[in-house]
Amino acid sequence: MGTAAETVAPLARYDVAPPSPSSWFGALRPWLLGLGLTLVVVAIQAGAIRTPSPRTADAPSTEFSEERAQRVMRHLAEGIGRRIPGTPAHQEAATYLASVLRELPRLEVEIQEAEGLYLDDDTLVAYTVRNVVARLPGRRPDAVLLSAHYDSSPEGAGAADDALGIAAMVEVARALANGPELENTVLFNFNGAEEYGLLGAAGFMQHRWASQVRTFLNLEATGLGGRAILFRAGPDASWLLEAYARAVPQPFGDVLGQDLFQHRLVPAGTDGHVYRSAGISGLDLALFRDGYAVHSPLDRPERVEPGSLQHMGESALAVTRELATRPFPDGKGSGPSIYYDVLGRWMLQYSAHAAWAWAAAAALLVAGATVLATRRKLVRLSLAAEGLGFCTLSLAVALVVPIAFGFLPHYAFERPHGWYASPWLAVAAFGTLAVTGALLPRALWARRLAARGVAPQERVFTAWLGGLWLWVLTLGALQLLGLGTAYLALWWTVGGALGLIAATFLASPRARMMALYAGWVPGLLLTVQMGRSLLELFVPVAGHLRLGVPLDPLVALLAALPVALATVLGLAPVQEQSRFGPSATAFATVSVAFLAALLLRFPYTPERPKRLWLEHRLQEGRSEVHYSSWDFPDPRAALSGQPGPLQAAARMPGFRGGYTAPVPPADLPAPQVEVLESQDDGTTALRTVRLRLQLGAAYLGRVRIPRAALAGWSLPAPLPPLAPEDSVYVLDVLAPPGGHYEVSLRLRGQEEVPVDVQAFFAEWTPPLEEARSRLPAWTTANLRVSTYATIRL
């Protein structure tokens, strides 16, 4: 009977001597090779997704020219400015777009005035919208719809969001109109109200041309640079993705966005939601890099990255031509699909059913590689099972350690969000922490194996095979969850298996290491690509997420995740060492240095500023400016230059640190509510009150009615569903004709019911402008002016 200290004889295959443990270069070789490959992959990936060179105005009329399209973008953003529905600027933008489009041959152009109701989350919106719609007839009436919105948010002129998408559509219309007749019709919806609840798209669905739409292409922006990413497709996506992959010269897309929307992890919607709700499948394209400026005064034409408009337009033109020159498929497609680009040159796409087949093939490939490695006496299954356990533990610790340290900036030092203006610091700090964490279980395991007499090369193959089976299990779990991003696990599995198979036929430890790392590259490439996109999207968005908690732990997870995934196989070659102390110490030291930099770094810059919300509210004789912060850190430090004492107030409308200060009043009318009729129904104990809301020059009215009192209304829509904690129903009225709107409310009981009415104005008041001028350069302010009244019914 053996003892715990019993040694295991090395396998006969290990007749090739490993590098001398005393050789410092031999110990460093796997580290140098792994880190070197990582830097090369990062550099290749960064270079591969550069934006194309902008085409000049003398480009052929059938091709896309950024310079020509820029004229439209600049006129909307600079010549007209903020384009809020119901304002003269909004009307001017519609007139301008209609005049530009009417200059194009064969294009039918209309200005659509639409009214309706739309449920935006838990708010019912009664809207009037002005769309500019155009039609390029084809030989068949079935149509491809291109959609973008020309309205802007109240905060800025919306150069990228979405004057850029509108400019791309105008130039696409020019190129198609100057080309040959197409098989299918092409429709354009230059919609006038996306920022206020996807209302322009909802209004378009009332147009007589809407019934012809078979698919759509929606152009959006959550950033001001980079390539236009295909972030959502479907719901029946296979034929659409095939068209995109065939046509677009520089494809750029990832199913990650679709996974996020599917599981409601993105706190926003696009016009594509309206079209999909109507049963239409389509594609969504958007810019997302440099999201620091979107929905702020910084969204200006000069900030838009050169080449971004070119890529958006080229992609839209190519895929529209492809869809408009082929018959549409009969019936439904194959359902959701998996898609992703490789180095911005190839788009891979396959159905969800095919993904299961690929996953099964990958598992069989790993099984075959396992049999081959055991038969050639490179690894033992008993040790491989142990390797699976330690690789799983290593991955878990690689994620737990960075997340744990992510709590320190705020809770230990009160200096959160140091990564906001410098995301690379988060990658450096939390990425090295991930490696440090991954090394800890592996160091314990290496000592155990060395004590049992397991040869260095067998330790390498054992760690590799354990990690490989961890990827097989991960692939199966992601497939069961229905996540398209399972493709990452697929490539780690396939690449790792091929690397193992190649290594089994080589005798030299150095050659084996090269073969294993070659199998590491495919998964590493796609993981770096996704990780970079995810951080570039999320970090700027973190500046205006309405959360009352610091986001450092979440950013730590996002920064550490790609690194931790890479360590599953990437650390296997270093398992030939029996002592990981120096390596772990080195990574821990580097991570501490970067954490210190993260703590000392001021989170904001003028180009990547802190977002504040300033609202001048006039309410019942009081005139106040409300200050609040969109992100977690309290805004008090940014308000030191404001005159007068600041008083803490309810967090409104931001969700962190609200303050108020009295200011001189502005000459703006309070919303007027006229009771036209009131009737009691004794049999039901309900009374019906008919109201007329007078908004005057305000573009938006908001009515809040107590939940307990409201039994129904005259609107042709039911009361919105509310969460249990919600105490009021909200009705928004956008740009009503003549500045007034009528509605009847059915109220319970005879007691007075307080109804709050708020009116929002497009013009900024002098006190608000003064408050903004006193803010530091490292902030940007979203401004709003409102008057507020409470009536009792």
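**Cavities, a pocket and helix contacts**

Reply: The largest cavity holds about 100 Å³ of space. The model is a predicted one, and three cavities of 30 Å³ or more are counted in it. Thirteen residues, given as 13 in the computed count, line the largest cavity, and those nearest its centre are Leu-691, Leu-693, Val-703, Leu-731 and Val-743. Four strands each supply at least two residues of this lining: E15 (686-694), E18 (728-734), E19 (740-748) and E20 (754-761). In its make-up the lining has 12 nonpolar residues and one charged residue, with no polar residue present.

An open space may be considered next. Two or more lining residues come from each of the helices H1 (24-48), H13 (423-451), H16 (509-541), H17 (552-570) and H18 (581-600). Of these contributions, that of H16 is the largest share, at 11 residues. The lining of this pocket divides into 27 nonpolar, nine polar and seven charged residues.

The helix contacts follow. Two packed helices are described by the angle between their axes and the distance between the axes.

For helix H4 (residues 159-177) and helix H9 (residues 308-324), the axes come within 9 Å and cross at roughly 45 degrees. H4 is therefore oblique to H9, and their crossing is right-handed. On the H4 side the contact is made by Leu-164, Ala-168, Val-172, Ala-175 and Leu-176, and on the H9 side by Leu-309, Met-312, Gly-313, Ala-316, Leu-317, Thr-320 and Arg-321. By class, the residues of this contact are nine nonpolar, two polar and one charged.

Helix H10 (residues 352-375) and helix H15 (residues 486-504) have axes that come within 9 Å and cross at roughly 25 degrees. Because angles under 35 degrees count as roughly parallel, H10 and H15 are described as roughly parallel to each other. Their crossing is left-handed. H10 contributes Trp-358, Ala-359, Ala-362, Leu-365, Val-366, Ala-369, Leu-372 and Ala-373, which meet Leu-490, Thr-493, Val-494, Ala-497, Leu-498, Leu-500, Ile-501 and Thr-504 of H15. The contact of H10 with H15 has 14 nonpolar and two polar residues, and no charged residue.

The axes of helix H11 (residues 381-406) and helix H14 (residues 456-480) come within 7 Å and cross at roughly 65 degrees. H11 and H14 are therefore roughly perpendicular to each other, and H11 passes H14 in a right-handed crossing. From H11 the contact draws on Leu-383, Ala-384, Gly-387, Leu-388, Cys-391, Thr-392 and Leu-395, while H14 provides Glu-458, Thr-462, Ala-463, Leu-465, Gly-466, Gly-467, Trp-469, Leu-470 and Leu-473. The residues of the contact of H11 with H14 divide into 10 nonpolar, five polar and one charged.

Methods. Residues are numbered from 1 along each chain as its sequence is written. This is a predicted model: local features need pLDDT of at least 70, side-chain atom pairs count only at pLDDT 80 or more; totals for chains, interfaces and linings use all residues. Side-chain values use heavy atoms; hydrogens and water are left out. On a 1 Å grid over the protein atoms alone, a cavity is a set of points where a 1.4 Å probe fits but cannot get out, and a pocket is an open set with protein on both sides within 12 Å along at least five of seven lines; lining residues have an atom within 4 Å of a point. Grid points are joined across faces, edges and corners, and a volume is the space filled by probe spheres set on the points. Ala, Val, Leu, Ile, Met, Phe, Trp, Tyr, Cys and Pro count as nonpolar, Asp, Glu, Lys and Arg as charged, and the others, Gly among them, as polar. Axes are lines fitted to C-alpha atoms, for helices over the stretch in contact, and angles run from 0 to 180 degrees between N-to-C directions. Angles under 35 degrees count as roughly parallel, over 145 as roughly antiparallel, 65 to 115 as roughly perpendicular and the rest as oblique. A crossing is left-handed if the near helix is turned anticlockwise from the far one by less than a right angle, and right-handed if clockwise. Contact means heavy atoms within 4.5 Å.
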